[in-house]
Amino acid sequence: MQEVRHFDLVVIGSGPAGETAAMQASKLKKRVALVERLDRLGGASLHTGTVPSKSLRETVVNLAMIRQQSHGIQIAFKENLTTAELMFRKQHVIQEQENSLRRNLDKNRVAVLHGIPRFLSPNLLEIAPNESDEPYQISMDYAVIATGSSPRRPDWAPFDHECVFDSDTILEIEQLPRKITIIGAGVIGCEYACIFAKMGIRVNLIARDRDILPFLDREISENLVFNMRNQRITMRLGENVKAIRKVGPQEMHVELESQKVLPCSTVLVAAGRLANSRDLGLEKVGVELGHNALIVTNEYHQTTLPNLYAAGDIIGFPGLASTSMIQARIAVLHAFRELQNESMPREFPFGIWTIPPVAMVGKTEEELTKACIPYEIGIAHFKEITRTHIMAEKDGILKLLFDPETLKILGVHIIGPRATELIHLGHSVMHFEGTIRYFINAVFNSPTLDEAYRVAAFNGLNRLDYDSL
């Protein structure tokens with residue numbers, strides 16, 4: 001019988017949370033194993049989610065900028081691009097990032113094991129290799145479960161990966177659609193709607209609710225809807241899908257409960273995601289699972305078994321790569337009693353890679369009003385900022401919400417160029433309980449997008465009728 005190898009920590013899943021947990025434990029000089037079900041490393045974030053979709057978006061945005069000839073340079077290139085050409089950068093980035101991950105794991109002496117894991121006890125794991133080898137066992141003091149999530153595939157959708165796709169398989173599409181219907185107007189649905197529209201493809205976007213992305217500040221959400229409609233995205237709001245039918249080789253009909261029929265060549269179902277917690281044997285060893293098979297954890301991301309932790313999509317909201325890495329680090333530090341003052345921040349930034357992108361941190365106007373918290377607004381329109389004229393991207397706003405008495409920041413909301421990166425300055429000032437006066441007194445390189453913060457701060461103070469600034 002094969003000897004059971006023992007590790008201080010076993011990490012299940014190689015996405016952002018799994019990678020962070022393994023690296024953190026290695027820095028603590030622990031013996032670490034990382035178990036990955038697939039032959040590739042990086043999880044959904046690297047192969048089917050964050051990295052590939054954002055890489056494709058970058059390609060499409062740059063291509064559109066060249067076609068607009070906004071910088072006065074005429075460049076001739078063929079009009080009918082293939083999917084292989086559009087996906088080239090995506091594949092290049094994925095390969096580079098996976099190679100980098102493998103090097104880092106090897107350099108930090110993390111044992112990488114490929115196979116299907118299943119808990120036999122809180123301290124014993126069985127791994128069934130992907131080949132025909134016999135299953136074997138490993139033992140551990142602690143484990144971090146970071147197996148992520150997968151697209152929800154409702155029964156009414158006839159997935160065939162030729163005409164009907166989910167958010168994983170759409171990246172493998174062989175031929176660009178003539179017209180696409182996207183079912184689901186969450187973050188994934190809105191991002192792909194913008195990507196396809198930027199390619200010049202007609203898009204139907206179906207939303208069950210009357211509002212898309214209801215967690216956004218309403219002014220930002222309305223601005224996004226305006227921009228999406230301006231890109232010829234047809235918004236079907238407050239609609240439910242009755243059926244999806246194939247009526248020809250490249251012809252689909254999406255039938256709505258309102259009796260509308262939407263013809264198209266391709267359907268993307270973006271109906272949310274499900275936690276990858278099944279088949280791990282968690283319930284048999286005593287780990288509590290909650291709604292939608294999410295793992296229940298405490299503030300240290302510890303499950304109902306004290307030596308088992310979980311991080312990332314598998315524990316639910318917010319389900320971001322950025323927050324999952326912090327969760328994993330806290331879990332490992334807590335397990336090995338190295339946790340000092342590390343904790344999840346009170347507020348963390350959200351980024352949505354629509355076109356234009358959207359970012360936010362803190363409270364919205366609606367949340368503050370509902371909580372009866374007084375606030376004032378400061379707005380900068382990007383068309384007021386020199387840098388956006390240089391970039392030829394003038395649409396959008398940066399919006400500050402702040403306490404009219406203390407001037408402390410309550411929320412930052414941005415739609416416009418580089419929003420997902422620009423948000424971090426506002427987040428940092430907010431985290432250290434700064435006021436909008438910081439933006440007035442700070443020295444910003446010019447011309448830069450950061451100058452929008454100063455314009456918004458002055459706008460906010462002007463609303464308070466300050467005699468002197």
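The model described here is a predicted one. Helix H6 itself covers residues 218–230, and its 13 residues should span 18 Å at 1.5 Å a residue; the end C-alpha atoms are 18 Å apart, which agrees with that expectation.

Asn 227 belongs to H6. With a relative accessible area of 11%, Asn 227 is buried, because this value falls under 20%. Leaving out residues up to four places away in sequence, Asn 227 touches Pro 356, Asp 395 and Ile 415. Pro 356 is itself part of the loop between strand E18 (350–352) and E19.

## The protein as a whole

The protein contains 13 helices and 22 strands. Its radius of gyration is 24 Å, close to the 23 Å that the globule rule gives for 469 residues, so the protein is as compact as a globular protein of that length. Taken along the principal axes, the box filled by the C-alpha atoms is roughly 80 × 60 × 45 Å.

Of the 469 residues, 51% are buried. Among contacts with a separation of 6 or more, 62% are between residues 24 or more positions apart. The protein exposes about 22900 Å², and carbon and sulfur atoms supply 48% of that area. There are 51 positive and 56 negative side chains, and the centres of the two sets lie 3 Å apart.

## Cis peptide bonds and positive phi angles

Most residues other than glycine have a negative phi, and most peptide bonds are trans. The sites below depart from these patterns.

A cis peptide bond joins Phe 317 to Pro 318, with omega at about 5°. Pro 318 sits in the loop that runs between strand E17 (308–310) and helix H8 (321–335). A cis peptide bond also joins Ile 355 to Pro 356, where omega is about 5°.

Leu 213 is not a glycine, yet its phi is positive, at about 45°. Leu 213 lies in the loop between E10 and H6, and at 3% relative accessible area it is buried. Glu 433, also not a glycine, has a positive phi of about 55°. Glu 433 is placed in the loop between helix H11 (419–431) and helix H12 (437–441). Its relative accessibility of 47% makes Glu 433 partly exposed.

Thr 83 is in helix H4 (residues 83–107). At 12% relative accessibility, Thr 83 counts as buried. Thr 83 and Glu 172 are 89 residues apart along the chain, while their C-alpha atoms are separated by 8.8 Å. Apart from residues up to four places away in sequence, Thr 83 touches Ile 173, Glu 174, Gln 175 and Leu 176.

Ser 139 is part of strand E6 (residues 136–145) and is buried, with a relative accessible area of 15%. Beyond its neighbours within four places in sequence, Ser 139 is in contact with Val 4, Arg 5, His 6 and Phe 7, and also with Asn 123 and Leu 124.

## Val 112 in strand E3

Strand E3 (residues 111–114) includes Val 112. The relative accessibility of Val 112 is 28%, so this residue counts as partly exposed. When neighbours within four places in sequence are set aside, Val 112 is in contact with Leu 34, Leu 41 and Leu 105. Val 112 and Ile 397 are 285 residues apart along the chain, and their C-alpha atoms are separated by 46 Å.

Note on methods:
Residues are numbered from 1 along each chain as its sequence is written. This is a predicted model: local features need pLDDT of at least 70, side-chain atom pairs count only at pLDDT 80 or more; totals for chains, interfaces and linings use all residues. Side-chain values use heavy atoms; hydrogens and water are left out. Helices (H or I, at least four residues) and strands (E, at least two) are DSSP runs, numbered from the N terminus. The radius of gyration is taken over C-alpha atoms; the globule rule is 2.2 Å times the number of residues to the power 0.38. Buried means under 20% relative accessible area, exposed over 50%, partly exposed in between (1.4 Å probe, protein chains only). Contact means heavy atoms within 4.5 Å. Accessible areas come from the Shrake-Rupley method with a 1.4 Å probe; for residues, only the protein chains shown count as cover. Lys and Arg count as positive and Asp and Glu as negative; His and the chain ends are not counted. The place of a charge is taken as NZ of Lys, CZ of Arg, CG of Asp or CD of Glu. The expected span of a helix is 1.5 Å times one less than its number of residues.
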